[in-house]
Amino acid sequence: MATERAHVPHLCICVCTRERPQMLSRFIESYLQLKLPAGLSISLEVVENDQQQHMQGLVTSAGTTSHPAYYHHQPKLGIPCARNTSIHAALSRQASHIAFVDDDERFDPDWLVNIWAYLNSQPEETVVHGAVYSVLPPSAPTYYEAFFQRQIEPTDTALDFCRTNNVILPLTVLTRHGLWFDESKPLAGGTDSKLFRAAHALGVPIKSCAEAVIYEDIPLERANVRWLSHRNFRIGLTMGEQASQGADANQVTHFLRQSGKATSCLTKYLARTLLLQRKEKNIRYWFKACKTIGCGLGSLGVKVDAYKNVQGH
């Protein structure tokens, strides 16, 4: 069972990985460079989500006395399954706090000092989400940055939800409310935002900390229109599913509304294409259309296996 405000707080930094040893190596290297706040112990909990164990040696050989690293294996494919395994790891470690990050990311050395200081300035059961800056491969068009870069909220912004790409919270937020990642569709996306929306609905505050910086390395396989189209479609599916669960939700009305928005975006995209306007501005309407189509279908319960394939080997 997690300790409540343990005398010596312990943070489990949890990351799930599959078939990306080079990215995981870069991630671990950045973990080892983290500056430690006074009075806090940490551990890295790496969950390999694969039927075979490939990363154990890489993980167990990397840890140090001040920055230990531990390996866990979850053979059932699916990010929510792996994330739940990391929660169990934090519970067995009797951690006071847990952080979730992605294996395609790298810490700024001041990340932990900054996010820990801000967390401790907030009410006891607060979730804090940091800033994630996307780093494109050198060969990618520079205008793609706008399509990958998520909005960076100013510090102290109140959020309705967040994701597991840079987040820290007391473990009691999960244990007190019985919150786990939904494993019913393990290869679908959106289970992280779903969990934090549920926490927010229970009264858990979620705040932003722009000084807690993490860098996301974009694999070359993702730096193209096709992948970005799929990504926007998947985001729309999650948005549509969540919208359909509202108290005043009407699935058919929502679907028709989103279909109208998608038609408008496609019309603008085609008109701008015929007028030979700048591609980077024109294609934005195509991505908006993909998202709104997904939003409409998501309200009808459509799902896709977003994490069946792995990029960034």
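User: Leaving aside its neighbours within four places in sequence, which residues is N165 in contact with?
Analyst: Please keep in mind that this is a predicted model. Setting aside neighbours within four places in sequence, N165 touches F100, V101, D102, E105, H129, V132, R150 and I214.

User: Where is N165 found?
Analyst: N165 sits in the loop between α5 (145–148) and β7 (166–170).

User: Is N165 buried or exposed?
Analyst: N165 is buried, because its relative accessible area is 5%, and the cut-off for buried is under 20%.

User: With which side chain does the side chain of N165 make a polar contact?
Analyst: The partner is the side chain of H129, at 2.8 Å. H129 also stands opposite V167 in β7.

User: Let us turn to β7, then. How many residues of β7 are buried?
Analyst: The count is 5 of the 5 residues, so β7 is largely enclosed by the rest of the structure.

User: Which way do they point?
Analyst: N166, I168 and P170 point one way from β7, while V167 and L169 point the other way; all of them are buried. As a general rule, side chains in a regular strand alternate between the two faces of the sheet.

User: Which strands pair with β7?
Analyst: Strand β4 (residues 97–102) pairs with β7 in the antiparallel sense over 5 bridges. Within that topic, A99 has I168 of β7 as its bridge partner. Strand β6 (residues 127–135) is also antiparallel to β7, over 2 bridges.

User: What is the order of the strands in the sheet?
Analyst: The order is β3-β2-β1-β4-β7-β6-β8-β5, in an open sheet of 8 strands with mixed pairing. The edge strands are β3 (69–73) and β5 (105–107), each of which pairs on one side only. From one strand to the next, the twist averages 30°.

User: In which sense do β6 and β8 pair?
Analyst: β6 and strand β8 (residues 206–217) pair in the parallel sense, over 9 bridges. V132 stands opposite I214 in β8; both V132 and I214 are among the contacts of N165.

User: What does α4 touch on the sheet?
Analyst: α4 packs on the sheet and touches β1 (10–17), β2 (41–48), β4, β5, β6, β7 and β8. The direction of α4 makes about 165° with that of β8.

User: Which residues of α4 are buried?
Analyst: In helix α4 (residues 111–119), the buried residues are W111, L112, I115, W116, Y118 and L119. They lie on the same side of α4, because they cover an arc of only 165° around the axis.

User: Why would residues of a helix point the same way?
Analyst: An α-helix has 3.6 residues a turn, so residues three or four places apart point the same way.

User: A change of topic: where does M23 lie, and is M23 buried or exposed?
Analyst: M23 lies in helix α1 (residues 21–32). M23 counts as buried, because its relative accessibility is 6%. M23 and P219 are 196 residues apart in sequence, and their C-alpha atoms are 9.4 Å apart in space.

User: And the chain as a whole: how many helices and strands, and what share of residues is buried?
Analyst: The chain has 10 helices and 8 strands, and 50% of its 313 residues count as buried. Among contacts with a separation of 6 or more, 83% join residues 24 or more positions apart. The accessible surface is about 14700 Å², with 53% belonging to carbon and sulfur atoms.

Conventions: Residues are numbered from 1 along each chain as its sequence is written. This is a predicted model: local features need pLDDT of at least 70, side-chain atom pairs count only at pLDDT 80 or more; totals for chains, interfaces and linings use all residues. Side-chain values use heavy atoms; hydrogens and water are left out. Helices (H or I, at least four residues) and strands (E, at least two) are DSSP runs, numbered from the N terminus. Buried means under 20% relative accessible area, exposed over 50%, partly exposed in between (1.4 Å probe, protein chains only). Contact means heavy atoms within 4.5 Å. Accessible areas come from the Shrake-Rupley method with a 1.4 Å probe; for residues, only the protein chains shown count as cover. A polar contact is a pair of N or O atoms within 3.5 Å; within protein, one must be able to donate a hydrogen and the other to accept it, and residues adjacent in sequence count only if both atoms are side-chain atoms. The arc is that of the directions from the helix axis to the C-beta atoms. Two strands pair if DSSP finds at least two bridges between them. Axes are lines fitted to C-alpha atoms, for helices over the stretch in contact, and angles run from 0 to 180 degrees between N-to-C directions.
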